[in-house]
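Let's take a friendly walk through a protein model together. Please look at the sequence and the 3D view below before reading on.

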Amino acid sequence: MEFTTLFWFCFYMVFLVISSLIGYQKGHFIAGVLLGYVLGPIGALVMYFSKDKKHIICPACEAEIHHKSYYCPMCRAQVRGHVKVD
Ligand SMILES: [Zn+2]
């Protein structure tokens, strides 16, 4: 295999992995894999700016907390019922 081909292949694979990891962290792993596979670096970027489904913002202290939390671990404020969870 030619060096340039190998380089671009590795370059592409790195962004596929990055995109998949971001997708996994945000709760849409399949979308991350697909975006990384189809768009490479752009897919990873899109995933980076996509909506985080696994985390919500605490209405009291604005900390990023898990979307299934009932109380905020930072300030103990009640979260359920205050934040729209989709
Ligand atoms: Zn809080």
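What covers the buried residues of helix 3 includes helix 1 (3–26) and helix 2 (29–39). Helices here are DSSP runs (H or I, at least four residues), numbered from the N terminus. This is a predicted model, where local features need pLDDT of at least 70 and side-chain atom pairs count only at pLDDT 80 or more, while totals for chains, interfaces and linings use all residues. Residues are numbered from 1 along each chain as its sequence is written.

Which residues of helix 3 (residues 41–49) are buried? They are Gly43, Ala44 and Met47. A residue is buried if 20 or more other C-beta atoms, placed from the backbone, lie within 10 Å of its own. These three cover an arc of only 100 degrees around the axis, which puts them on the same side of helix 3; the arc is that of the directions from the helix axis to the C-beta atoms.

Now pick out Ala44. Leaving aside its neighbours within four places in sequence, Ala44 is in contact with Phe15, Ile18, Ser19, Ile22 and Gly36. Contact means that the C-beta atoms of two residues, placed from the backbone, lie within 7 Å.

Ala44 also belongs to the largest nonpolar core, with Phe15, Leu16, Ile22, Leu35 and Met47, six residues in all. Such a core is a set of buried Ala, Val, Leu, Ile, Met, Phe, Trp, Tyr and Cys residues joined through C-beta atoms within 7 Å. Helix 1 gives the most to this core, with three residues. A second, separate core of five residues includes Ile56, Cys58, Ile65 and Cys72.

How values were computed:
A residue is buried if 20 or more other C-beta atoms lie within 10 Å of its own, exposed if 12 or fewer, and partly exposed in between; C-beta atoms are placed from the backbone. Helices (H or I, at least four residues) and strands (E, at least two) are DSSP runs, numbered from the N terminus.
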